[in-house]
Structure formats: structure tokens, C-alpha cells
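Biologist: I am new to this structure and would like a close look at a single part. Please begin with a pair of helices and then go on to the sheet.

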Amino acid sequence: WQHVMDLNLNAPFRCLRRAVPSMKERGYGRIIVMASVASKRGEPYIAAYTAAKHGVLGLVRAAAAELATTGVTVNAVCPAYVDTPMTDFSVASIVEKTGRTPEEARRFLERKQPIGRLITVDEVAEAVWFCVVNGGVTGQGINVDGGAHQS
């Protein structure tokens, strides 16, 4: 539990605390925190991760409200399952906890997105870039989940 909180909630908080003063001084900055669709809904088998990501989305929203008049924006990118080694770890965890085969577990994760596949790294990168170039967007959790969580 503590390791997951340190990595997924405390580390982003510490980064914000370190970066914000110089950004405010310059009157410009873009902070993008990697959240997850797990920050917007409960997910089975990953309670600590889900709790941490809910917290990080709250952190982003609070920081955005505090910094709204400073030229600094704060957003979160909230991907679903991305085709990365982290998802391979999730597949292994599902296999261990449910007895499904790796193929069944992977298909289960792919079907969570209405597009029927995992999200690509490039799709996540494009959402991050959107947050960099658009100064009118702040305090948002940008979903990259193939339509699974519409807001």
C-alpha cells in the first residue's frame, strides 16, 4: 500500500511542490500528471492503485484551482490499459487471482475499452501534448480510454 501511494500520489505532490514556485515566478508553466481511468472509477484487483489515482486527480484539481490566475496549468492524463509492460503485469495479476489464461486476461482488458483494444503509447503522448499547447485547459482529467468513461 505505502509503496503504491509513494509512487502514484506522494511523488507527483512532491514534484508539484518543487516545480510550482519557479513556474509562478515566470508566469507560465504546464504541469501534466499521469493519472489513470482508475482515478475516476473503482477497479477490481488494484485497490491501492485506484485509491492513489483518485488522490492524484484531486491533487491536480486543487492545484489547478490555486494556480488558475498565474499562467500555470495543471492537468491529468487518464489512460485506460495501455499496451506496455505495466499492462503485462496486470495480465499476470489477473491470471494469478482468477485462474484465467493470459490470453483471456488480456482480452478482458481489451474489452474494457469500447474500441476493443488496448490504448497505444502514442495516443497517450498526444493527450499530453494537448495539455502542453492548450493554455485554456486546466484542472482536467483527460480520458484516453477508447470511450470507456465518457465525461
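**A helix pair and a sheet**

Modeller: Helices α3 and α4 are oblique to each other, a word for angles that are not under 35 degrees (roughly parallel), over 145 (roughly antiparallel) or from 65 to 115 (roughly perpendicular). This is a predicted model, in which local features need pLDDT of at least 70 and side-chain atom pairs count only at pLDDT 80 or more, while totals for chains, interfaces and linings use all residues. Residues are numbered from 1 along each chain as its sequence is written, and side-chain values use heavy atoms, with hydrogens and water left out.

Helix α3 covers residues 85-98 and α4 residues 102-111; they pack at about 120°, with axes 9 Å apart. Axes are lines fitted to C-alpha atoms, for helices over the stretch in contact, and angles run from 0 to 180 degrees between N-to-C directions. Helices (H or I, at least four residues) and strands (E, at least two) are DSSP runs, numbered from the N terminus. The crossing of α3 past α4 is right-handed, meaning that the near helix is turned clockwise from the far one by less than a right angle. In α3, Thr87, Asp88, Ser90, Val91, Ile94 and Val95 meet Pro102, Ala105, Arg106, Phe108 and Leu109 of α4, where contact means heavy atoms within 4.5 Å.

Now the sheet. It is open, with three strands in the order β1-β2-β3 and parallel pairing; two strands pair if DSSP finds at least two bridges between them. β1 (29-34) and β3 (141-144) are at the edges with a single partner strand each, so one side of each has no neighbour in the sheet. On average, neighbouring strands are turned by 25° against each other, direction ignored.

Six bridges join β1 to β2, and Ile32 stands opposite Asn75 in β2. Four bridges join β2 (residues 72-79) to β3, and Cys78 stands opposite Asn143 in β3. Eight of the eight residues of β2 are buried, which means under 20% relative accessible area, with exposed over 50% and partly exposed in between (1.4 Å probe, protein chains only). On one side of β2 these are Val72, Val74, Ala76 and Cys78, and on the other Thr73, Asn75, Val77 and Pro79.

Helix α2 (residues 47-67) lies across β1, β2 and β3, at about 160° to β2. His54 is found in α2 and is partly exposed, with a relative accessible area of 38%. Leaving aside residues up to four places away in sequence, His54 touches Ala38, Ser39, Lys40 and Arg41.
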